[in-house]
Amino acid sequence: MRRVIEVRTVHTAGLDGASLDNARALLDAVFGDDMSDDDWEHALGGMHALAWEEGELIGHASVVQRRLLHGGRALRTGYVEGVGVREDRRRRGHGAALMGAIERVVRGAYELGALGATDEAAEFYKSRGWQPWRGPTSALTPTGTRRTEEDDGGIYVLPVAARLDLTGELTCDWRDGDVW
Ligand SMILES: CC(C)(COP(=O)(O)OP(=O)(O)OC[C@H]1O[C@@H](n2cnc3c(N)ncnc32)[C@H](O)[C@@H]1OP(=O)(O)O)[C@@H](O)C(=O)NCCC(=O)NCCS
């Protein structure tokens, strides 16, 4: 029998402490040691999509606002964070359902979507129309603009309203932890 999966979208402000702990625990299980406190903090302050199966949280994704500089503009960007589906529930369409909910937010509220993809998830995002950024990436840091060569090729965008040259420069705003 096919199990019923429910995907809910909710702002961080609508999640109580236990729900946030639950989401963090899921991402800890998905990413292991790669999941830092900064990574979790990056996933907060915007809209979350949560996938539930019979009362158990099995998937999470969120989108928060950032500014990405490109073509002389500071683009209002929906930046996607914390995308993960419990290992024993993968390849059943849950990641696609989560991203569908997140992409509706991106298309409705932002000029573009962006994310830093793991190698493992690149095909997943490509299959949904996300495009790899081909130009050089940088970050606005407290000490000036700094190239982020290590992130080149790993940033994906979902064009919405912004005019983009995917071979041009793309610069993100500053934050603690991984900047992209
Ligand atoms: C990436 C991830 C969220 C995908 O979730 P999922 O529920 O397995 O994805 P879906 O079942 O909705 O996949 C939809 C489509 O994406 C593509 N896809 C998904 N996972 C893929 C993989 N590992 N390799 C290649 N294509 C993949 C396929 O086209 C798939 O359709 P199909 O199963 O009919 O072939 C999940 O693998 C995951 O949590 N990975 C570990 C954490 C991670 O890397 N997160 C991304 C951070 S940027």
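Predicted model: local features only at pLDDT ≥ 70, side-chain atom pairs only at ≥ 80, totals over all residues.
Asp-173 and Arg-66 form a salt bridge, and their closest N and O atoms are 2.8 Å apart. Arg-66 sits in strand β3, while Asp-173 is in the segment after β10 (170-172), so this pair ties together parts that are 107 residues apart in sequence.

Next, pick Glu-53, Glu-56, Arg-86, Asp-88 and Arg-89. Salt bridges with shared partners join these residues into one network. Zoom in on Arg-86 and Glu-56, where the closest N and O atoms are 2.9 Å apart. Arg-86 is in the loop between β4 and α3 and Glu-56 is in strand β3, so here the linked parts are 30 residues apart in sequence. Glu-56 is partly exposed, at 43% relative accessible area.

Across the whole structure, a search finds 14 salt bridges.

Time to go inside. Which residues touch the most other members of the largest nonpolar core? Select Val-80, Leu-115, Tyr-125 and Trp-130, out of 23 residues in that core. Then colour α3 (94-109), one of the elements giving two or more residues to this core; α3 gives the most, with six residues.

Click on Leu-115 and look around: among the residues Leu-115 touches are Tyr-79, Met-99, Gly-154 and Tyr-156.

Last stop: another core lies apart from that one, with 16 residues, including Leu-68, Trp-133, Ala-139 and Leu-170.

Technical notes. Residues numbered from 1 in each chain as written. Heavy atoms only, no water. Core = buried A, V, L, I, M, F, W, Y, C linked by side-chain atoms within 4.5 Å. Buried < 20%, exposed > 50% of the residue type's maximum accessible area, 1.4 Å probe, protein only. Helix = DSSP H or I, 4+ residues; strand = E, 2+ residues; numbered from the N terminus. Contact = heavy atoms within 4.5 Å. Salt bridge = Lys/Arg side-chain N within 4 Å of Asp/Glu carboxyl O. Lists of a residue's contacts leave out its neighbours within four places in sequence.
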